[in-house]
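Student: I have a structure open and would like to learn how to read it. Could you walk me through it?

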Amino acid sequence: MSAGYITTGGSDRYHTGVDCPAFQRGVRGSEAQGNTLRPVIPLTPEQAGHVRQTPCPECCGGSAR
Ligand SMILES: [Zn+2]
């Protein structure tokens, strides 16, 4: 359904979707610390290849390809 990836401005990783366990842990951790949640930024596969973020090892299999 989603053809791409998501990331946030405060993350150094991108994910295949917001249901990624690692992403969810990050959100909960931010909430627990009282941090403002960063907006989710959708990335196309092309954009993901250009951003400085790296693929999340949990949902992206540790490799972009
Ligand atoms: Zn992930």
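Predicted model: local features only at pLDDT ≥ 70, side-chain atom pairs only at ≥ 80, totals over all residues.

Student: Let's start with the fold. How many helices and strands does the chain have, and in what order do the elements run?

Tutor: There are two helices and four strands. Read from the N terminus, their order is β-β-α-β-α-β.

Student: What does the radius of gyration say about the chain?

Tutor: One compares the value with that of a compact globule of equal length. For 65 residues such a globule would have a radius of gyration near 11 Å, and the chain agrees because its own value is 11 Å. Along the principal axes, the C-alpha atoms fill a box of roughly 35 × 25 × 20 Å. As for burial, 14% of the 65 residues count as buried. Among contacts between residues at least 6 apart in sequence, 67% join residues at least 24 apart.

Student: Now the helix H1: where is it, and how far does it reach?

Tutor: H1 covers residues 21-32 and spans 16 Å from first C-alpha to last, close to the 16 Å expected at 1.5 Å a residue. Just after H1, Gly-34 has a positive phi of about 75 degrees.

Student: Which residues of strand S1 are buried on each side?

Tutor: Tyr-5 and Thr-7 are buried on one side, Ile-6 and Thr-8 on the other, so to speak a strand covered on both faces. S1 (residues 5-8) pairs with S3 (residues 40-43) in the antiparallel sense, over four bridges. Within that pairing, Ile-6 has Pro-42 as its bridge partner.

Student: Which residues make up the largest nonpolar core?

Tutor: In soluble globular proteins, nonpolar side chains tend to be buried together. Here the largest such core has five residues: Tyr-5, Ile-6, Tyr-14, Ala-48 and Cys-56.

Student: Where is Cys-56 found, and why does it count as buried?

Tutor: Cys-56 sits in the segment after strand S4 (54-55). It is buried because 23 other C-beta atoms lie within 10 Å, where 20 or more are required.

Student: What is Cys-56 in contact with, beyond its neighbours within four places in sequence?

Tutor: Its partners there are Arg-13, Tyr-14, His-15, Cys-20 and Ala-22. Cys-56 and Arg-13 are 43 residues apart in sequence, yet 5.4 Å apart in space, C-alpha to C-alpha.

Technical notes: Residues numbered from 1 in each chain as written. Core = buried A, V, L, I, M, F, W, Y, C linked by C-beta atoms within 7 Å. Buried ≥ 20, exposed ≤ 12 C-beta atoms within 10 Å, placed from the backbone. Contact = placed C-beta atoms within 7 Å. Rg over C-alpha atoms; globule rule 2.2 N^0.38 Å. Expected span 1.5 Å × (residues − 1). Pairing = 2+ DSSP bridges.
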